[in-house]
Amino acid sequence: MMSRIGAAIVFITVLAALIGPSLAPFDPSAQLLAQRLDGPSEMHWFGLDELGRDIFARVLAGARISLLVGVVVVSISSTVGTLLGSIAGYFGGRIDEAISRVIDILLAFPGLLLAIALVAVLGPSLANVVLALSLIGWVGYARLVRGQVLRAREFEFVQAARALGATTPRILAQHIIPTALPAVTVQATLGMGGAILAEAALSFLGLGVQPPTPSWGTMLNGGRTHLLDAPHLTIFPGLAIAALVLGFNFLGDGLRDALDPVTRQKRFLSDGTKI
Amino acid sequence: MLRFLARRVALTIPVLLGVATLVFSLIHLIPGDPAQAMLGESASPEDVAELRSRLGLDRPLLEQYGTFLRDAIRGDLGRSLRTSQPVTSAILERMPATIELAAAAMLVALGFAIPLGIAAAVWRGTSLDHAATTVSLLGISIPNFWLGPLLAIVFSIELGWLPVSGRGTWANLVLPAVSLGAALAAILARMTRATLLEELREPYVIAARARGASRVRAVVRHAFRNSLIPVITLIGLQFGAVLTGAVITETIFSWPGIGRLLIQSIGFRDYPLVQGCILLIAVTYVAMNLVTDLLYGLVDPRIRYE
């Protein structure tokens, strides 16, 4: 049930991001200075910001940025992490030691700290945010896949493939990595929510997407100075972030339950009837 | 136990070295001339050369690295470019505020999460359990940079109960602590529920009930204590999230801690101060992970005898 709600939220947001900006009645950059900070109305559903720009149009445009960052960061992180994790797990020895030490060092930096530091030195921009989040994001996938590969390399079908003369890349690509894909899929779904939150946090701190490009985090930062006279500047972008992240969390939880063999087993009675 | 302690401490040293190396290399990632980037485009070549010399950027890289490590071990992290104050003393001035905020956030999180997690586990499958799960997921999904301003709108602006910024009395601490602790509370509540549910299924709990122990006694005296072990680990691991979250929370509520110092120094391109803050926060996190590992070994004898 929850996963279906999550899927619906994600689907609606993706749809809104794809076609919403072209259907929105107002340009997200158009300024109506005479009506700046006006609250929600029939014409402007989410009200206007400090420069008189329609917040609903900007929230729709911001959805594109958030989803784009999420997709790119998760794609890069999961690919690099899966590759390095499977190499570390399969070969073991010094290769595993070297990769694991790099993972330990990167994990020694809490949460977003390293991303903040990287963007601070590289300069605030969307590209640098994606780069910084990808540089720290691969670590979780690598650890996950390494654990899966350590288990899978001892499976009989892998040993059989080796005995039949399959090359190492073939064994990794066709036999071992596919066993880790369900876990990576769950991680990636949850990772989308994480990447979206991270980008919004960096933009909120002024380190991410720069104005006038509409980003939910930047919009929230702009709303801080108008909490008293225009709280709607804070409410709607934040609601969008929370809803989308919640959607991905619901979806990820549901995927985890669906792909976890123990949970799947519990859904059946002892005579095989599905609960 | 001593061998376990020594081994854990020994494993931490290469990680600390790696952290210091990464922090050192940050300044060299700055596009172009780091000294020019710090002073701005309008700085004169003489000023840029002087800064480059002061920061040791004109020396060979290995020499810079050695000097950085030697000075870091001595507690010398250079001087702020803006105020010329030693970075170490600038950070130490702000540390009590960050510790106060982090501790308050942890207390808020534990005070909320433990009872909620226990209730959700004991009354599993009921509407209370579903409500607790939903609240937990909401807590994980709502960013603290939204929750903070929302709390400020309701409790400071609309109701006028609490101040919106600054540090002084306990009232100043409430909104930042709740804003920072909410996500941690949600994660801890979920973990408490999951681990307690596992313990409640264990034979020793069923045996306690069979011997006449009440439900409350079986939960609190038997199951809950054992379910705390993974929760303790999670608290240690989540401390990092609290530290990073503090960077954002201190910015929202103008709380005078290290997080706010970090963001301000980024804005001023005061990179020695940026490096110092990053290094200190990372080292604190590594130390916290070590303490968590040791606590885990203390609480669960199976770990230290592995």
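In this predicted model, chain B has a mean pLDDT of 85, and 97% of the residues of chain B reach 70 or more. The scores of the model are ipTM 0.84 and pTM 0.86.

Chain A contains ten helices and zero strands. Read from the N terminus, the order of elements in chain A is therefore α-α-α-α-α-α-α-α-α-α. Along the principal axes, a box of roughly 75 × 55 × 30 Å is filled by the C-alpha atoms of chain A. Chain A has 275 residues, of which 47% count as buried. Contacts in chain A were also sorted by separation in sequence: among those between residues at least 6 apart, 70% join residues at least 24 apart.

The two chains touch each other, with 34 residues of chain A in contact with 39 residues of chain B. On the side of chain A that touches chain B, two or more residues are given by each of helix 3 (93–107), helix 4 (113–122), helix 7 (168–204), helix 8 (216–223) and helix 9 (232–259) of chain A. Helix 9 of chain A supplies the largest share of this side, eight residues. By residue type, the side of chain A that touches chain B divides into 25 nonpolar, six polar and three charged residues.

Notes. Residues numbered from 1 in each chain as written. Chains lettered and ligands numbered in written order. Predicted model: local features only at pLDDT ≥ 70, side-chain atom pairs only at ≥ 80, totals over all residues. pLDDT = per-residue confidence, 0-100. Helix = DSSP H or I, 4+ residues; strand = E, 2+ residues; numbered from the N terminus. Buried ≥ 20, exposed ≤ 12 C-beta atoms within 10 Å, placed from the backbone. Contact = placed C-beta atoms within 7 Å. Nonpolar A, V, L, I, M, F, W, Y, C, P; charged D, E, K, R; others polar.
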